[in-house]
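Take a first look at the model below.

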Amino acid sequence: MQFHLFQCIQLVSLCFAIWFYRNLKGWSIAAFLPLLVFIFLIEIVGNNFHAFHWANNYFIYNLYLLLSTPIWLYLFRQMLDLSGTALLIYRWIAILSMSFICMNYFFGEGVMEFNTWSLLLLMILTIVFSCLILFRISLTESLSGSLYKHPFFWINAGNLLFALVTLVLLGLQPYIREHGIEIHRKSLYYAVIPTANIILYTAYSYGFYLCRVPLTRSS
């Protein structure tokens with residue numbers, strides 16, 4: 001059974017989510033707990049697909065994209081704290097995004113081929129919404145102290161970095177395959193993504209820790 005370093009950091013982040021669950025509820029991001037449980041299980045199965053005698057693990061990660069995207073959209077909405085017209089626009093973006101991912105899963109790239117377009121869409125949404133959240137909390141005066149003490153800063157800074165790295169590597173995949181670019185005998189994608197995961201889940205852990213401070217909203 002394979003268990004990588006980044007999965008250890010995922011497990012630590014999951015433990016933080018469990019320990020500070022009440023605080024996450026206070027910040028309206030309790031959905032991180034089931035999301036991290038789901039991600040952790042997906043990674044265990046996906047990284048040990050040979051033990052199940054499967055040809056590849058694409059369908060596992062396709063299932064992740066299909067089921068995790070609604071949770072992500074919910075979490076982004078909670079962190080953006082939208083209302084009125086902005087909330088209506090967001091709902092339409094969420095509906096159209098999920099429609100595309102479902103269509104791609106069932107009728108497009110399919111269940112057994114990796115859903116690259118779905119991942120691309122999720123990463124773009126992550127970049128856009130993470131930037132909006134970071135911009136919003138940089139302007140708010142509802143919290144005293146430094147921006148770096150705001151949980152959403154660390155969570156979305158991690159999201160933004162991970163999504164940018166993934167998006168760049170996806171764009172370079174044809175070039176990487178054609179020229180066989182490797183680091184320590186690993187494809188550039190599989191060499192870089194684990195490091196990005198470590199940074200991401202470390203940021204989550206610290207963000208969850210900062211949720212101990214009660215949430216206050218600006219008027």
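**Helix 1**

This is a predicted model. Helix 1 runs over residues 5–19, which makes 15 residues. How far apart are its end C-alpha atoms? They are 21 Å apart.

Which residues of helix 1 are buried? They are Phe6, Gln7, Gln10, Ser13, Leu14 and Ala17. Seen down the helix axis, these buried residues fall within an arc of 110°, so they line one face of helix 1. Leu5 and Trp19 lie on the other side of the helix, and they are exposed.

What does Gln7 touch, leaving aside its neighbours within four places in sequence? It is in contact with Gln2, Phe40, Glu43, Ile44 and Asn47.

**Aromatic pairs**

The structure holds 20 aromatic pairs. Two of them are set out here.

| Pair | Centre to centre | Angle between planes | Type |
|---|---|---|---|
| Phe16 and Phe20 | 5.9 Å | 45° | tilted |
| Phe76 and Phe129 | 5.6 Å | 45° | tilted |

Why is the Phe76 and Phe129 pair called tilted? Planes under 30 degrees apart count as stacked and those over 60 as edge-to-face, so the 45° of this pair makes it tilted.

The pair of Phe76 and Phe129 links distant parts of the chain. Phe76 is in helix 4 (residues 58–80), and Phe129 is in helix 6 (residues 116–139). The two residues are 53 residues apart. Both Phe76 and Phe129 are buried.

Now the pair of Phe16 and Phe20. Phe16 has 28% relative accessibility, so it counts as partly exposed. Phe20 has 10% relative accessibility, so it counts as buried. The cut-off between these two classes is 20%.

**A cluster and a charge**

Which residues form one aromatic cluster? Phe32, Trp72, Phe76, Tyr90, Phe129, Tyr201, Tyr204 and Phe208 do. Phe76 and Phe129, the pair from helix 4 and helix 6, are among the members of this cluster.

The charged end of Arg212 sits over the ring of Tyr209. It is 3.8 Å from the centre of that ring.

Key. Residues numbered from 1 in each chain as written. Predicted model: local features only at pLDDT ≥ 70, side-chain atom pairs only at ≥ 80, totals over all residues. Heavy atoms only, no water. Phe/Tyr/Trp six-rings, centres within 6.5 Å; stacked < 30°, edge-to-face > 60°. Buried < 20%, exposed > 50% of the residue type's maximum accessible area, 1.4 Å probe, protein only. Helix = DSSP H or I, 4+ residues; strand = E, 2+ residues; numbered from the N terminus. Lys NZ or Arg CZ within 6 Å of the ring centre and 35° of its normal. Expected span 1.5 Å × (residues − 1). Arc of directions from axis to C-beta. Contact = heavy atoms within 4.5 Å.
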